[in-house]
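Subject: Structure handover

Hello,

Here is the structure I promised to pass on. My notes follow below it.

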Amino acid sequence: MRNFSFIEIATFYTDERDIPRHWSVSNSTGKIVVFNKYKKGIEDIKIDDRIMVIFVFHKSPSFKEENIKTIPPHKNREMGVFSICSPVRPNPIGVSVLQVTEIEDSVIHVKNIDMVNNTPILDIKPYISPQK
């Protein structure tokens with residue numbers, strides 16, 4: 001197996017205490033504070049854009065072999081980890097699609113969040129909806 005390393009490019013902050021389990025059911029808000037050395041990378045992001053945010057489940061317990069199948073809270077049966085959005089994964093990486101509500105300097109204000117306060121951000125990508 002190969003190992004990879006990643007660096008944090010930003011940190012996510014929110015005052016929300018009751019974090020929704022998934023971005024698709026969230027109206028909660030927060031902000032992504034991009035580190036100064038990466039600030040120029042967000043210059044073309046605009047209000048109302050949707051962005052994909054790749055982050056670390058930094059508060060999740062370490063993955064163990066028994067976590068390969070689990071019962072998600074919204075289902076009544078055991079399911080494989082790669083078919084659900086469990087934060088307990090072999091690689092503790094999450095992806096959310098967020099709506100940009102405001103941008104000021106190196107801060108991107110967003111809604112539809114499902115991340116906890118102080119979440120490390122690994123990458124930000126544009127969300128491009130499928131062509132029909």
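Phe 4 lies in the segment before β1 (10-13). Strands here are DSSP runs of E, at least two residues long, and they are numbered from the N terminus. Phe 4 is exposed, at 60% relative accessibility. The classes are: buried under 20% relative accessible area, exposed over 50%, partly exposed in between (1.4 Å probe, protein chains only).

Phe 4 also belongs to a nonpolar surface patch with Phe 6 and Ile 93. Together they have about 340 Å² of accessible area. Patch members have over 30% relative accessible area and no salt bridge; nonpolar side chains (Val, Leu, Ile, Met, Phe, Trp, Tyr) are joined within 5 Å, like charges within 9 Å. Areas come from the Shrake-Rupley method with a 1.4 Å probe, and for residues only the protein chains shown count as cover.

A word on the source: this is a predicted model, where local features need pLDDT of at least 70 and side-chain atom pairs count only at pLDDT 80 or more, while totals for chains, interfaces and linings use all residues. Residues are numbered from 1 along each chain as its sequence is written, and side-chain values use heavy atoms, with hydrogens and water left out.

Now the fold. 6 strands close into a barrel, in the order β1-β2-β7-β6-β3-β8. The pairing is antiparallel. From one strand to the next, the twist averages 45° (axes are lines fitted to C-alpha atoms; angles run from 0 to 180 degrees between N-to-C directions). β3 and β6 are joined by 7 bridges; strands pair if DSSP finds at least two bridges between them. Phe 55 stands opposite Gly 94 in β6.

There is 1 aromatic pair (ring centres within 6.5 Å; planes under 30 degrees apart are stacked, over 60 edge-to-face, the rest tilted). Phe 55 and Phe 57 form it, edge-to-face, at 5.1 Å centre to centre and 75° between the planes. Both Phe 55 and Phe 57 are buried.

Finally, the structure holds 2 salt bridges (a side-chain nitrogen of Lys or Arg within 4 Å of a carboxyl oxygen of Asp or Glu).

- Asp 105 pairs with Lys 39, closest N and O atoms 3.1 Å apart. The two are 66 residues apart: Asp 105 sits in the loop between β6 (93-104) and β7 (107-111), Lys 39 in the loop between β2 (29-34) and β3 (50-56). Asp 105 is exposed at 58%; Lys 39 is partly exposed at 29%.
- Asp 123 pairs with Lys 125, at 3.5 Å between the closest N and O atoms. Asp 123 is partly exposed at 28%, and Lys 125 is partly exposed at 36%.

Best wishes

How values were computed. Helices (H or I, at least four residues) and strands (E, at least two) are DSSP runs, numbered from the N terminus. Rings of Phe, Tyr and Trp (its six-membered ring) pair if their centres lie within 6.5 Å; planes under 30 degrees apart count as stacked, over 60 as edge-to-face and the rest as tilted.
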